[in-house]
Amino acid sequence: MTAEDLKAEYITFTAATLDGVAAFISPFIDNMMQHPDVLHRVQQEIDLAQACGKLSYPVVTYDETTQLPYFMACIMETLRRDAPAQTILPRVISEGGLWYDGAFIPEGTDMGASPYIIHRDVHIFGDDPFTFRPERWLESPARSALMEKYGMWWGYGGRECVGKNYAMIEMQKLCVEICRRFDMRSAGALQDDEGKGDLVNGGRYRHDRWAVGMFWGQGVILGEGDEISKGEITLR
């Protein structure tokens, strides 16, 4: 293997798996704390499955997590609204160029799409794309399939994340165990889903500011007196 091959393998098994999972779990927990009614429903679903002997102990299996429909809706909604990777996932136009929507794009041009923008397309995800609403994934199988078709949370096409299945196993098992074992409560006021202003309600980051700050190297500036609020997690 060349040095570049080794570098690519290293990035895949660190940034693409460990950091990617961490970048998902943080907003998942945040969404639970900011929407206590959603957290309560998830915990009720998990508690019922456990009482019926449908969850392994001490650690749930991946297959068992997929049998929790509301929990899975929360997983998909977090992927949609707070995708772990917010880069434009650029591709280089191949030899001969490309005609797209009446415009010619010459070969060698970097071309990409923003997951943040795609995942807020009202024609695909509904009239409330800025709102964390897991119920949109429970409306019908056809609607869920349409939203998944245009989801870019793992990239798209032939260059889709090679570790996505491993990441989903980690994410689902860990998030079930967090909701199963702990109660979570936000120390600040509830977040405005519309994300008005740079910081909202108790110094909480809006997701688009987090995405820009994390992936484009731009600093997030706090105003005088602004603080980052902390939550509280206790054993159930």
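Arg81 has a relative accessible area of 5% and therefore counts as buried, since the limit for that class is under 20%. The structure it belongs to is a predicted model, and the secondary structure of the chain comes to 10 helices and 8 strands. Of the 236 residues of the chain, 38% count as buried, and among the contacts with a separation of 6 or more, 68% are between residues 24 or more positions apart.

**Arg81 and its partners**

- Arg81 is part of helix α5, and its side chain makes a polar contact with the side chain of Asn31 at 3.3 Å.
- Arg81 also forms a salt bridge with Asp82, in which the closest N and O atoms are 3.6 Å apart.
- Asp82, for its part, has a relative accessibility of 3% and so counts as buried.

**Helix α5**

- The 13 residues of α5 should span 18 Å at 1.5 Å a residue, and because the C-alpha atoms at its ends are 18 Å apart, the model agrees with that expectation.
- Helix α5 is mostly covered, as 12 of its 13 residues are buried.

**The largest nonpolar core**

- The largest nonpolar core has 39 residues, of which Phe28, Met32, Val42, Phe71 and Leu79 touch the most other members.
- At least two residues of this core come from each of α2 (15-34), α3 (36-51), α5 (69-81), α7 (122-125) and α9 (164-181), and α5 gives the most, with 8 residues.
- Which residues does Leu79 touch, once those up to four places away in sequence are not counted? They are Phe24, Pro84, His119, Trp153, Trp154, Met168 and Met171.

**Helix α9 and its cysteines**

- Helix α9 has 18 residues and reaches 26 Å from its first C-alpha to its last, which is close to the 26 Å expected at 1.5 Å a residue.
- The buried residues in α9 are Ala167, Met168, Met171, Gln172, Cys175, Val176, Glu177, Ile178, Cys179 and Arg180, and Met168 and Met171 are also among the residues that Leu79 touches.
- An α-helix has 3.6 residues a turn, so residues three or four places apart point the same way.
- Cys175 has a relative accessibility of 0% and so counts as buried, and Cys179 is likewise buried, with a relative accessible area of 0%.
- For the structure as a whole, the count comes to 0 disulfides.

**Salt bridges**

- The structure holds 12 salt bridges.
- In one of them, Glu77 pairs with Arg136, and the closest N and O atoms are 2.9 Å apart.
- This pair links distant parts of the chain, since Glu77 lies in helix α5 and Arg136 in the loop between α7 and α8 (141-149), 59 residues apart.
- Are the two partners buried or exposed? Glu77 is buried, with a relative accessible area of 0%, and Arg136 also counts as buried, with a relative accessibility of 0%.
- Another salt bridge joins Glu160 and Lys164, with the closest N and O atoms 3.1 Å apart.
- Glu160 counts as partly exposed because its relative accessibility is 29%, and Lys164 is partly exposed as well, with a relative accessible area of 25%.
- Salt bridges that share partners join Glu77, Arg80, Asp128, Arg133, Arg136, Glu139 and Arg143 into one network.

Definitions and conventions: Residues numbered from 1 in each chain as written. Predicted model: local features only at pLDDT ≥ 70, side-chain atom pairs only at ≥ 80, totals over all residues. Heavy atoms only, no water. Core = buried A, V, L, I, M, F, W, Y, C linked by side-chain atoms within 4.5 Å. Buried < 20%, exposed > 50% of the residue type's maximum accessible area, 1.4 Å probe, protein only. Helix = DSSP H or I, 4+ residues; strand = E, 2+ residues; numbered from the N terminus. Contact = heavy atoms within 4.5 Å. Expected span 1.5 Å × (residues − 1). Disulfide = S-S within 2.5 Å. Salt bridge = Lys/Arg side-chain N within 4 Å of Asp/Glu carboxyl O. Polar contact = N/O pair within 3.5 Å; in protein donor to acceptor, adjacent residues only side chain to side chain.
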